[in-house]
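Subject: Structure handover

Hello,

I am passing on the structure we discussed.

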Amino acid sequence: MEQWQFGSIIEGLKSIAGEKSVLSDKESLLTYESDGLTMDTAVPWAVVFPVSAEQVSEIVKYLTGNKIPYIPRGAGTGLSGGCLPVKGGIVISLTRMNRILEIDIENRFAIVEPGVLNEEVTDAVKDHGLHFSPDPSSGQASTIGGNIAENAGGPHTMKYGVTVNHVLGMEVVLPDGDIVELGSSTLETQGYDLVGLMNGSEGTFGIVTKAIVKLIPLPETYLTFCGIYNSVDGAVNTITQLFKAGITPVALELIDKVYLKGLNEAFDMDFPTDAEAVMIMELDGPEEGMDTLREKVIDICRENDMRDVQIAADSDARKKLWTTRKHATAALGRMTPFYYTQDGVVPRTRLPEMLKRIREIARKYNITIANAFHAGDGNIHPVLLYDERIKDEKTRVLAASGEILETCVEMGGTISGEHGIGSEKKKYMKLVFTVDDLEQMKDLKGVFDPEGFLNPGKIFPEEN
Amino acid sequence: MMNEILKNIPPEIIIDHEAGLSGYIVEELRPKIVVKPENTEHVCDVIKDAGSTGNSIITWGGGTRIMSCNPPTGYDIALDMKGLNNIIEYDPAEFLLIAEPGVTIDKINTTLRAHRQFLSLNPPLPERATIGGTVASNSWGYFRESYGTARDCILGLKFVNPEGKMIKSGGIVAKNVTGYDLTRLMIGSFGTLGIISEISVRISPIPDVTLLVTAGFPGIEETYNFISEIYNSHAVPSGIIILDRQSYTMVCEKSGIVPGESDFSVICRLEGIKETVEWQKKIIRRSAAANDSEWINDIYGETEKKLMDSVRDNPDLGNDSIMLKVAVPVNRTYEIMHYILSGKMEVTINIMVYAKCGILFLCILNSDQYGKGEVVSFIKSIRAYTQNVGGFVNIDSAPPHVKKQVNVWSEYPGMNLMKKIKQKFDPGNIFSPGRFL
Ligand SMILES: Cc1cc2nc3c(=O)[nH]c(=O)nc-3n(C[C@H](O)[C@H](O)[C@H](O)COP(=O)(O)OP(=O)(O)OC[C@H]3O[C@@H](n4cnc5c(N)ncnc54)[C@H](O)[C@@H]3O)c2cc1C
C-alpha cells in the first residue's frame with residue numbers, strides 16, 4: 001500500500017475507534033509480530049482496539065470496503081500463528097473489551113466480553129461454588145475469545161470437556177458487519193450448531209464480541225497425586241485400567257523424564273530423576289467414598305509398574321503441583337534458549353508406541369524432545385528444544401516436528417488436539433483430509449466470509 | 001420413471017410398489033420410490049443420481065423421530081439406511097466404536113455389554129432407533145443429564161454431500177481441532193445437509209452402582225425446594241426428573257410399578273461407587289423429608305431399568321398426541337411449570353422436566369378432543385411465554401393439521417446463517433426440503 005493510502009486508512013480507523021485506539025508506529029507493532037509460536041512472525045500494518053461490537057462492526061465494514069485483510073487477536077498466546085497477519089493487514093485487538101457483563105448464579109451462566117481472561121471468569125464466581133471449567137495452562141493470560149476461537153483444552157477438560165462444551169451462546173460480528181446472536185442461555189439448541197461451529201474456527205468466521213459461558217459446580221473435594229513410573233507403558237496402561245474400572249479422573253497428565261530435573265530445580269519439586277515418567281492424577285467428587293477410590297486407583301497404578309506415589313497433602317500442595325504442570329515448559333528455559341511446542345493426538349492406547357517413535361525421531365534429528373501432556377486424551381505436546389545459533393538446528397526441529405505429525409496421523413490420530421492449525425500447520429492438513437473434505441470446509445468459510453478478508457491464509461493449505 | 005433416474009442402482013434394492021411405499025409416509029406424503037442401500041457406494045450413487053436430477057430425499061433410520069420436523073415440501077425418494085448395519089470397529093480399551101448409521105442403539109449396547117460398557121446416547125425406542133437417526137436428529141434420553149448429547153460423544157463421522165461425494169470430518173480421537181467442526185454441524189441437522197454414512201463414538205464404562213431415589217410432593221414449591229436443596233449439597237445426582245401426577249402414573253403403569261400418590265414426583269438417579277451412592281441417597285432422602293415429601297422410595301436393579309426405560313420412551317402417545325419440548329435457562333423450568341399450572345389452560349398438559357438441563361416435555365394427549373384453535377393457541381402462548389424467559393419451544397410431534405398452522409421450529413438466533421449454510425451445502429435443496437429450513 002502507498003504511504004498516502006496507509007495514512008488515510010489509519011485516520012479512518014481512528015475516526016471509528018478514537019485517536020488513542022490505533023497503534024501504527026513500527027516499534028509498538030513489533031509486539032504484535034508473533035503469538036506464542038515465536039518462530040513465525042508477521043508484523044501488522046496497524047492494530048486497532050475497539051471497545052464495542054458496534055465499533056468492531058464499523059471497523060470490519062470499513063476495512064472490507066477498502067479491501068484490507070483484518071485479523072482478530074486476543075492475548076496472543078496462541079501456539080499456531082492464528083492471529084498473525086500472514087497476508088498483511090490490520091490486527092483487531094479485543095483486549096479492551098474485557099468486562100464481565102452478567103453473572104447468573106441461579107442459571108449457571110455468565111456473559112462476558114471476548115477480552116476477559118480465562119481465569120477471571122472462575123475468579124468471579126468461585127465464591128458461589130461455581131467455575132468455568134476449561135483450564136488451558138495459559139488461563140492467566142489467554143482470553144475467552146481466543147479460547148473459543150481455538151476451542152482450547154486443558155488438563156481438566158478430559159472429564160468436563162473442552163471450551164466448546166462450555167459455551168452456550170455468543171454475539172458475533174460477521175464479515176459483512178452484521179452483529180448476530182447465536183445460541184442462547186439454555187443448554188439446548190435448535191438446528192445447526194452454529195455456536196459449536198464458531199468454536200475452533202480460529203477467528204476465520206467472525207469476531208466474537210460476547211460469549212455466554214456455562215458455569216458448573218466445583219466438586220466438594222479433589223484428590224491429587226503423582227504416580228512415579230518405571231515405564232511410560234505402565235502409566236498408559238494405568239489409564240486404560242482406570243477407565244475400565246469405571247473411574248474417570250478429572251485429569252491425567254504425563255510428564256516424561258526429560259523434564260524432571262528442570263521441574264525439581266524450577267519449582268522445588270522432588271521427582272526422582274531416574275523415573276521414566278510421572279503421571280499427575282486427580283479425582284474429584286464428594287468427600288464420601290474418596291478413600292475407597294484412592295485405594296482402588298493406587299492398586300491399579302501399582303499393578304501397572306508404578307513404583308511410588310506422592311499424594312498432595314493439602315490444597316497448597318495441590319496448587320503447587322498444578323503450577324508445576326502448567327508452567328512446565330518454562331522450566332525448559334534452563335536447558336535451551338528456544339523451544340517449539342507441538343500438539344498432536346493419537347488413540348490413547350498407542351501412546352507408548354508414539355513416545356517411542358518420538359524418541360527415535362529425536363535421535364534421528366539429533367535434538368532433544370521433552371513431553372508433558374494430556375495423556376488421558378491421547379493429546380501429546382512434544383516440546384522440541386533448539387538453539388537458533390546452531391547451524392540448521394531449527395530446520396531439523398521443523399523436520400522432526402513434521403515427522404511427529406505424520407506419525408500421529410498414521411496411528412489414527414490427528415495433527416491438532418487444542419492449539420489449532422493457524423498458519424503453522426496448514427501444510428499438513430492434507431495428511432488428514434482429502435481435497436473434497438477441504439472443499440466442503442471452504443464452502444463453510446465462504447458462507448461466513450465470502451470476500452475472504454477475515455484472517456486470510458489460515459487453516460487451508462496454500463494452493464500451488 | 002424413477003427407475004430410469006436411478007440408473008446406477010441395482011433394482012433389487014429399490015421398492016416402488018404401493019404396499020412397500022406405504023410404510024414410508026411422512027406427514028401424509030408418500031415417496032415415489034424407496035431405496036434400501038446395502039453399502040456406502042449405493043448411498044453415494046443414489047444421491048449422485050438424485051442430486052443431478054433434482055429429486056428430493058428423506059433419509060430413514062428407525063423412523064422414531066421422522067415426525068420431529070416440519071412437513072416436507074418435496075419427497076421423491078425414501079432412503080432407508082437400515083441395511084447399513086455393521087459395527088465397523090469396536091475397541092474396548094480405546095472406548096471407541098465405529099458404526100454404520102443403520103445399526104440400532106440396542107445392537108450397539110448388546111455388543112458393548114460384554115465389556116461392561118455402554119452408549120451414553122439413549123434415545124427413545126432403542127430397539128428401533130438407529131445411531132444414524134439419533135445423531136442426525138440429535139436425539140437423547142435421560143443419560144443426557146450426566147453424559148451430554150451426541151455433540152459431546154461423537155468423535156467424527158462421514159457423510160455424503162449432494163454430489164454423491166463422501167466427506168470425512170473429525171476422527172476417532174477424543175480431542176480434535178483439526179479443521180472446522182463439520183461433525184457438530186451434521187449432528188442435529190436432520191438430514192438436511194448431507195447423509196451420514198459412518199459414525200465414530202466414544203463409549204462409556206457401566207458404573208458400579210445405579211440407584212434411583214424417588215419421592216412425591218404435594219406441590220411445585222415443595223418439589224423445587226427439594227431440588228434446590230440437592231443443588232446446595234455436595235450430592236451430584238446423574239439426573240433429576242420431575243413428573244406430574246399423570247405422567248408419573250403412566251410411566252409407572254408401563255413399567256409395572258405401583259405409583260406413589262402425589263401431584264409431583266421426582267426421580268433422582270445416582271451412579272458411581274457404592275459408598276458415594278449410599279451417601280448421596282441419605283442426603284436426598286433427608287432433603288425430601290425436610291420438604292414434606294409424601295413418600296420416598298429406593299429403586300434399583302430390574303425395576304430401576306424398567307422405570308427409566310419407560311421414562312425414556314415416553315408412554316405410548318398415539319397419533320393425535322402432541323409433544324412439545326421447552327428449553328429454558330437451567331433453573332427457570334419452575335416458571336414454565338407455574339405458568340401452566342396457574343393459568344387457565346383450555347387443554348390438559350402432562351409435564352415431565354429434565355431439571356438438570358432445563359428442559360420440559362409437555363404432552364397433550366388425544367389432542368383431537370380439543371378444538372383446533374385451542375391447541376394452536378396453547379402452543380403459541382407457551383412459545384411467547386418461553387421466549388420471555390430466554391428459551392424456545394420445538395414441536396417434537398404433532399398431527400399434520402397442527403403442523404400446518406404452527407411452525408415446528410421457533411424463532412431462534414442465527415436462522416439466517418443456517419439458511420445460507422443450507423443453500424451452500426445443498427444448493428438443489430434435495431435433502432429433506434422444507435423440514436428444517
Ligand atoms: C504457556 C502456554 C500454555 C498454553 N496452554 C494451553 C493449553 O493448556 N490448552 C490449550 O488449548 N492451549 C494452550 N495454549 C495456547 C493458547 O493459550 C490458547 O490457544 C488460547 O486459547 C489463545 O487465546 P488468546 O487470547 O491468546 O488468543 P490469540 O492467540 O490472540 O488468538 C488465537 C486465535 O483466536 C482468534 N481470536 C482471538 N480473539 C478472537 C475473537 N474475539 N473472535 C474471533 N477470533 C478471535 C485469533 O484470530 C487467533 O486465530 C497455551 C499457550 C501458552 C503460551
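The notes below start with the ligand site and then go through the two chains.

This is a predicted model, so please read every value here as computed from it.

Ligand site

The shell around the ligand holds 32 residues, and those that come nearest are P72(A), G74(A), T77(A), S138(A) and T143(A). By residue class, the shell splits into 17 polar, 11 nonpolar and four charged residues.

- S138(A): an N or O atom of the side chain is 2.6 Å from an oxygen atom of the ligand.
- G78(A): here a backbone N or O atom is involved, at 2.7 Å from an oxygen atom of the ligand.
- N147(A): a polar atom of the side chain is 2.9 Å from an oxygen atom of the ligand.

On its own, the ligand has 970 Å² of accessible area, and the protein covers 91% of that. Three elements of chain A give two or more residues to the shell: β3 (70-73), α5 (144-150) and β10 (207-214). Of the elements, α5(A) contributes the most, with five residues.

Chain A

Chain A has 16 helices and 20 strands. Its C-alpha trace spans about 70 × 60 × 45 Å along the principal axes. The radius of gyration is 23 Å, which agrees with the value near 23 Å for a compact globule of 464 residues. Of those 464 residues, 62% are buried.

Two residues of chain A deserve a separate entry. The loop between β5 (100-104) and β6 (109-112) contains R108(A). R108(A) has a phi near 55°, which is a positive value in a residue other than glycine. Is R108(A) buried or partly exposed? With a relative accessibility of 21%, R108(A) counts as partly exposed, because the buried class ends under 20%.

The other residue is D449(A), in the segment that comes after α16 (435-448). Its relative accessible area is 4%, so D449(A) is buried. A polar atom in the side chain of D449(A) lies 3.1 Å from the backbone nitrogen of L454(A).

Chain B

Chain B has 16 helices and 19 strands. Along the principal axes, the C-alpha trace of chain B spans about 70 × 55 × 40 Å. For 437 residues, a compact globule would have a radius of gyration near 22 Å, and chain B agrees with this at 22 Å. Buried residues account for 63% of the 437 residues in chain B.

F95(B) sits in the loop between β5 (87-91) and β6 (96-99) of chain B. Although F95(B) is not a glycine, its phi is positive, at about 55°. F95(B) counts as buried because its relative accessibility is 5%.

G216(B) belongs to strand β12 (residues 209-217) of chain B. At 0% relative accessibility, G216(B) counts as buried.

F431(B) is placed in the segment after α16 (415-425) of chain B. F431(B) has a relative accessible area of 0%, so F431(B) is buried. In sequence, F431(B) and P162(B) are 269 residues apart, while their C-alpha atoms are 7.8 Å apart in space.

Regards

Methods: Residues numbered from 1 in each chain as written. Chains lettered and ligands numbered in written order. Predicted model: local features only at pLDDT ≥ 70, side-chain atom pairs only at ≥ 80, totals over all residues. Heavy atoms only, no water. Near = heavy atom within 4 Å. Polar contact = N/O pair within 3.5 Å; in protein donor to acceptor, adjacent residues only side chain to side chain. Areas by Shrake-Rupley, 256 points an atom, 1.4 Å probe, with all protein chains shown as cover. Helix = DSSP H or I, 4+ residues; strand = E, 2+ residues; numbered from the N terminus. Nonpolar A, V, L, I, M, F, W, Y, C, P; charged D, E, K, R; others polar. Rg over C-alpha atoms; globule rule 2.2 N^0.38 Å. Buried < 20%, exposed > 50% of the residue type's maximum accessible area, 1.4 Å probe, protein only.
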